[in-house]
Amino acid sequence: MIMAPPAMVEIDAVCKQRSRADGCQVAILDRVDLQINPAEVIALIGPSGAGKSTFLRLLNRLDDVDAGEIRWFGQPHSSIDPLLLRRQVGLVAQKPFMFPGTVRENLMIPLADRKEPLPEGGELDELLAVCGAERDWLDQPARKLSVGQQQRVCLARALLNRPRLLLLDEPTSALDPETAGLVLERLTAMFRGSDAALLMVSHDHRLARRFADRILVLRDGRIVEENRGGRAEG
Amino acid sequence: MQKAELIRLGIVDLAVVYGLLLLTIGLARLNRFGQEKEMLIASVRMFVQLIAVGYVLKVIFAIDQPWAVLLILLVMLAVAVQMTVARVQHQMPGIYRVVGTALFTGCGCTTFVFCTLIVGLSPWYDPRYLIPLAGMIIGNSMTGSSLAAERLASEINDRRDEIETALCLGLSSTRAAQPAVHSAFRAALIPTVNSMAAMGIVFLPGMMTGQILSGTEPLLAVRYQIAIMCVITVSVALTSCLIVWRGVRSFFTSSHQLRE
């Protein structure tokens, strides 16, 4: 009998609590189940405080689950080297952070530890184009860029790790609707044509419907609704 | 070499200088500077502590036993650990363990090397030398330690976004916290480096002044001062290094996650 290959990510009854200021524990995520497969684009929507960012942090192992299990290609998360995992599961936070130095130096950061050079020529142009970033920015001080430009550089920096799963927390919140649409169009096309998956948190239901295959609604720490996105509906 | 008779200070002399200090505090109160209470408390503390330590040293010099000297060094180190921890405003996990290990190791090693291998004390515990030399090393290391610990904790706290961004990109916790570590180490060494640079021009250091006042030949006092400054710098650097190296690890889990 041929066994089916394990899903990229399997999330089983995951719970996460946080301590409030008064010392009480409050549930942020409550028995969340989910499966993510390669080449999928998933949008996670829900009200503020629903646990969306916490969920992304668990997938990237910036935090550990309190109960339940996350498996990465069938392997328990906790048994994988976290540094290796974070290169495969990239996370771009909602608030962009630029390290001191130029945009080029920022892009070098994920590569420097592995002593890899920054790709040049067509490969770099392609990467920048997907993120809506421009080659002219490369030698500019990264912190002088606008927030929207910084968001796009953050995206490019995360993509340089060639993640198998990219987690985006409000990736286009500082972009105008036209640029946001353009960036997501190119980004989702790139992921659909590969063996990688994309999970993005969004407050913009219209964008989520337009670009995602699946839309998950997270409320009070639970996935309460799952809909097919516009792309899946064709 | 003793060249001159020591000029003795009597109780009346002390009363006069203490009176001058009280006059200053009175003037500060008159002008509502707002520091008079702290000045008064600090001056009383200094008076009581120094009188007490004078008697303790007298007893220890009279006992002249290694256990008595080691006991007082232990008390000095314990107080230094407590004062370092008290000065750190931000939270640092396991701070007593981190600061305690660093001060005991850093001060212990440098005091041993200096007193045994360089000065060549005989007996090794000679309280007249060991206690004041260790006191200078511990005191300066305490200042460096509190600066290192406080700066490290505040930098980690202020740089959470930067550190987590680096972790997200697959960098190790050591690499992610590197700017905070460098900043803490620099802050710890600033007073010692400034003091070395200004020594002899802006001020005459305490130990050298004390030796000259008690009749020691100036060039011998200078040699002692250079030696003790080198040892103090080594001790401050070693202690601060241990604090930032061990301290930074206490902020992260073994899975390279920044603790809340």
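## A pair of helices in chain A

In this predicted model, helix α3(A) passes helix α5(A) in a right-handed crossing. Helix α3 of chain A covers residues 103-112 and helix α5 of chain A covers residues 147-159, and the two pack at an angle of about 35°, with their axes 8 Å apart.

On the side of α3(A), the residues that take part are Val103(A), Asn106(A), Leu107(A), Ile109(A) and Pro110(A), and these meet Val153(A), Ala156(A) and Arg157(A) of α5(A). Sorted by class, the residues of this contact comprise 6 nonpolar, 1 polar and 1 charged.

## The fold of chain A

Turning to the chain as a whole, the secondary structure of chain A consists of 8 helices and 10 strands, and its C-alpha atoms fill a box of roughly 45 × 45 × 40 Å along the principal axes. A compact globule of 234 residues would have a radius of gyration near 17 Å, and the value of 18 Å for chain A agrees with this.

Of the 234 residues of chain A, 43% count as buried.

## Where chain B touches chain A

The contact between the chains draws 14 residues from chain B and 20 residues from chain A. On the side of chain B that touches chain A, helix α6 of chain B (residues 160-168) gives the most, with 6 residues. By class, that side of chain B has 4 nonpolar, 6 polar and 4 charged residues.

How values were computed. Residues are numbered from 1 along each chain as its sequence is written. Chains are lettered from A and ligands numbered from 1 in the order in which they are written. This is a predicted model: local features need pLDDT of at least 70, side-chain atom pairs count only at pLDDT 80 or more; totals for chains, interfaces and linings use all residues. Axes are lines fitted to C-alpha atoms, for helices over the stretch in contact, and angles run from 0 to 180 degrees between N-to-C directions. Helices (H or I, at least four residues) and strands (E, at least two) are DSSP runs, numbered from the N terminus. A crossing is left-handed if the near helix is turned anticlockwise from the far one by less than a right angle, and right-handed if clockwise. Two residues are in contact if their C-beta atoms, placed from the backbone, lie within 7 Å. Ala, Val, Leu, Ile, Met, Phe, Trp, Tyr, Cys and Pro count as nonpolar, Asp, Glu, Lys and Arg as charged, and the others, Gly among them, as polar. The radius of gyration is taken over C-alpha atoms; the globule rule is 2.2 Å times the number of residues to the power 0.38. A residue is buried if 20 or more other C-beta atoms lie within 10 Å of its own, exposed if 12 or fewer, and partly exposed in between; C-beta atoms are placed from the backbone.
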